Amino acid sequence: MAFFINDIWEFAPSWTLNAGVRYDDHSHAGDETTLSAGMNKKFNEDSHAYVNWGQIFRAPTTDDLFYESWMGKGDPNLKPETGESWTIGYTQKIKDNTNLTINYFESKLEDAIRWNSITDDAGNWISSKVENIDKQEKRGMELSVSHKYNKNLDFTASYTYINVKNDKNDGKGFVKDSHYNPNTYRL
């Protein structure tokens, strides 16, 4: 169960503040209240910049907790992910019905939930298991172009770069996570 309240204030002709609070009550992970805030600066009818901040609380899914088959095994002792995230971005209308957006994002998590492959000595996949990672940092950027052809059809193309590092509290510090593809293209 979750409840949230969100409000938007236009405190100057070209400035908007968006703030919210969310309460989650999860049967396994407990309850948590998280906050979020964002600010938007409209430069003209064709462009705006924004910055968003939010706290994160993500409870494990049912599969994360209880999945069990030859393909993998959940863990009923998983903790929820917690942390915070930042995004800063800019959107520009480049012609009628076409927008270009670029943003930078960053998040810092504790107890990040990740499924890992279990392999044999030769490196062959056997199954998967889920675990909490002590600390995780994600940084990246996204560039996207969207075009609305008509009220029923639109087109979006994007490129995302992401760098994920984990600290498993094993004395090695933050190490690059090889489970993430750093370059993603979407159409």
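In the predicted model, R139 is found in strand β9, which spans residues 125-150. R139 has a relative accessible area of 33% and is therefore partly exposed, since this value lies between the limits of 20% for buried and 50% for exposed residues. Apart from residues up to four places away in sequence, R139 touches Y104, F105, E106, K108, Y161, I162 and N163. The C-alpha atom of R139 is separated by 23 Å from that of K41, a residue 98 positions away along the chain.

One of the contacts of R139, E106, is also its salt-bridge partner, with 3.3 Å between the closest N and O atoms. E106 belongs to strand β8 and R139 to strand β9, so this pair ties together parts of the chain that are 33 residues apart in sequence. A second salt bridge is formed by the side chains of R114 and E131, at an N to O distance of 3.5 Å. Here too the partners lie in β8 and β9 respectively, so the pair ties together parts 17 residues apart in sequence. R114 has a relative accessible area of 9% and is buried. Salt bridges with shared partners join R114 and E131 to K168 and D177 in one network. Over the whole structure, ten salt bridges are found.

Another of the salt bridges links D96 and K93, whose closest N and O atoms are 3.9 Å apart. D96 is exposed, at 59% relative accessibility, whereas K93 is partly exposed, at 31%. K93 is also among the residues in contact with T98, together with Q92, V145, S146 and H147, when neighbours of T98 within four places in sequence are left aside. T98 is placed in strand β8, which covers residues 98-119. With a relative accessibility of 7%, T98 counts as buried, the cut-off being 20%.

Strand pairing was examined next. Strands β1 (residues 2-12) and β2 (residues 15-26) run antiparallel and are joined by ten bridges. In this pair F4 stands opposite R22 of β2, and the two strands form a hairpin with two residues between them. Strand β3 pairs with strand β4 (residues 47-58) in the antiparallel sense over eight bridges. S36 stands opposite G54 in β4, and a hairpin connects β3 to β4 through two residues. The bridge partner of F57 in β7 is T82.

A nonpolar surface patch of about 640 Å² is made by F11, W15, M39, V51, W86, I88 and Y104. Of these residues, M39 lies in strand β3 (residues 30-44) and is partly exposed, with 32% relative accessibility. The C-alpha atom of M39 is 9.8 Å from that of E10, although the two residues are 29 apart in sequence. E10 is found in strand β1 and is exposed, at 60% relative accessibility. Beyond residues up to four places away in sequence, E10 touches W15 and T16; W15 is one of the patch residues. The patch also includes Y104, a residue touched by R139.

Definitions and conventions. Residues numbered from 1 in each chain as written. Predicted model: local features only at pLDDT ≥ 70, side-chain atom pairs only at ≥ 80, totals over all residues. Heavy atoms only, no water. Helix = DSSP H or I, 4+ residues; strand = E, 2+ residues; numbered from the N terminus. Buried < 20%, exposed > 50% of the residue type's maximum accessible area, 1.4 Å probe, protein only. Contact = heavy atoms within 4.5 Å. Pairing = 2+ DSSP bridges. Patch = residues over 30% accessible without salt bridge, like charges linked within 9 Å, V, L, I, M, F, W, Y side chains within 5 Å. Areas by Shrake-Rupley, 256 points an atom, 1.4 Å probe, with all protein chains shown as cover. Salt bridge = Lys/Arg side-chain N within 4 Å of Asp/Glu carboxyl O.
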